[in-house]
Amino acid sequence: DDDDDESDLDIIDCPYLSSVPQGLKDIIHEYDGVVFADVCKEGPGSNVLSSFIPSLQRDGLLPRRWDFVGAPRTYNPLGRTLTFLNMEDIVAAFQRVSSGEDGSIADVQKIVV
């Protein structure tokens, strides 16, 4: 198998939510892309990871290729998982970050979610 055609994927959990954790700031430069996957509902005041994006950009730390995905802003009918962040949303965001503008594989070797 040809490892040159594969991207590395790391998952970093950020339980510290008041601001961008220093540990994330210290290592994000090692990545070609980042997917912010927030379990909270998408939208103003609902999720915290979206506030990391402008902070990292302001500090010059946000990789050129990034995406954000959060749980849908919708009512959760009893017993349904409709409003939860799911694997398909994260995979789609990963594919957007790792693909070129024309859908081809971009020169992205290492991505963090």
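User: What pLDDT does the protein average?
Analyst: The average is 75, and 65% of the residues score at least 70; pLDDT is the predictor's confidence in each residue, from 0 to 100. This is a predicted model, so local features need pLDDT of at least 70 and side-chain atom pairs count only at pLDDT 80 or more, while totals for chains, interfaces and linings use all residues. Residues are numbered from 1 along each chain as its sequence is written, and side-chain values use heavy atoms, leaving out hydrogens and water.

User: Why is the pair K25 and D59 called a salt bridge?
Analyst: The term asks for a side-chain nitrogen of Lys or Arg within 4 Å of a carboxyl oxygen of Asp or Glu. The closest N and O atoms of K25 and D59 are 3.7 Å apart, so the pair qualifies. K25 lies in helix α1 and D59 in the loop between α2 and β3, so the bridge ties together parts 34 residues apart in sequence.

User: How many salt bridges are there by this rule?
Analyst: The count comes to 2. R96 pairs with D67, their closest N and O atoms being 2.5 Å apart. R96 sits in helix α3 and D67 in strand β3, so this pair links parts 29 residues apart in sequence.

User: What makes D67 buried?
Analyst: Buried means under 20% relative accessible area, exposed over 50%, and partly exposed in between (1.4 Å probe, protein chains only). D67 has 15%, and is therefore buried. R96, at 46%, counts as partly exposed.

How values were computed
Helix = DSSP H or I, 4+ residues; strand = E, 2+ residues; numbered from the N terminus.
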